[in-house]
Amino acid sequence: MSSWTVLKHPLASHHLAILRDASTKPAQFRIQIDLLATLLAIECLQDLQLSPNSVQTPMGLAAAETLKQRVAIVPILRAGLGLVSPILQLLPDAEVWHLGMYRDEETALPVEYYSKLPADHPSDIGLVLDPMLATGGSIRLAIGALKKWGVRDIRVLSVIASTPGLTQLVEEHPDVRIWVGAVDPNLDHRKFIVPGLGDAGDRIFNTRS
Ligand code: PRP
């Protein structure tokens, strides 16, 4: 059995096909990222805990349940920003903590340039968001930061991952759960996912040179 969950929903397959297509323009690309983030979040958050509650409807009192846990959304800049809005729609009370990282073009290692995670009072759940998990270096660095903060339940949401990146991530962090839209087998000589979808950040923000 895999240590990661791959979306099986036919809508995920359909929307991934449009996302991967090189002819998909940035506006449509952002919509596809949005849809896939929603599908990933719904799959990943099935075990959220609830507190019993009640609400006054126009007709009387209804028993209700509301979310109980504190959830932190942690997008990795830049591309992870594309996943934030749809997940905040589902989790309006979530906190958003940004982590800035870019991958050095020579070494393919992540370089952190922004982090403001608090030192204490960790959230109950930390959701690391990055549409691409190539070598997994950026996400592993983000997981390290969340563990330092003290988050015990760390989950990763990524649209496309590579088999080598996932394998190394699971080896280093067997306690972290991972949800992905698709798994591609290879990385090329520049450590890009093949066939992947290209550079997600550039396609979201229309900065392809
Ligand atoms: C890309 C991507 C991930 C990272 C994946 O970001 O969005 O953050 O690389 O690679 P890894 O798994 O090997 O670490 P990039 O460095 O291009 O920055 P950007 O999001 O600003 O475009």
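1. The second largest pocket holds about 160 Å³ of space, in a predicted model where local features need pLDDT of at least 70, side-chain atom pairs count only at pLDDT 80 or more, and totals for chains, interfaces and linings use all residues. Residues are numbered from 1 along each chain as its sequence is written, and side-chain values use heavy atoms, with hydrogens and water left out. A pocket here is an open set of points on a 1 Å grid where a 1.4 Å probe fits, with protein on both sides within 12 Å along at least five of seven lines, and lining residues have an atom within 4 Å of a point.

2. Among the residues lining the second largest pocket are Leu48, Gln49, Arg70, Val71, Pro92 and Glu95, and by class this lining has 6 nonpolar, 2 polar and 4 charged residues.

3. The largest pocket has a volume of about 820 Å³; of its 33 lining residues, Tyr102, Arg103, Ser138, Phe192 and Asp199 are the closest to its centre. Its lining comprises 14 nonpolar, 9 polar and 10 charged residues.

4. Arginine 190 lies over the face of phenylalanine 192, at 4.4 Å from the ring centre (the criterion being CZ of Arg or NZ of Lys within 6 Å of the ring centre and within 35 degrees of the ring normal).

5. Aromatic pairs (ring centres within 6.5 Å; planes under 30 degrees apart stacked, over 60 edge-to-face, the rest tilted) number 2. The rings of tryptophan 97 and tryptophan 149 have centres 5.8 Å apart and planes at 65°, so this pair is edge-to-face.

Notes:
Phe/Tyr/Trp six-rings, centres within 6.5 Å; stacked < 30°, edge-to-face > 60°. Points joined across faces, edges and corners; volume = space filled by probe spheres on them. Nonpolar A, V, L, I, M, F, W, Y, C, P; charged D, E, K, R; others polar.
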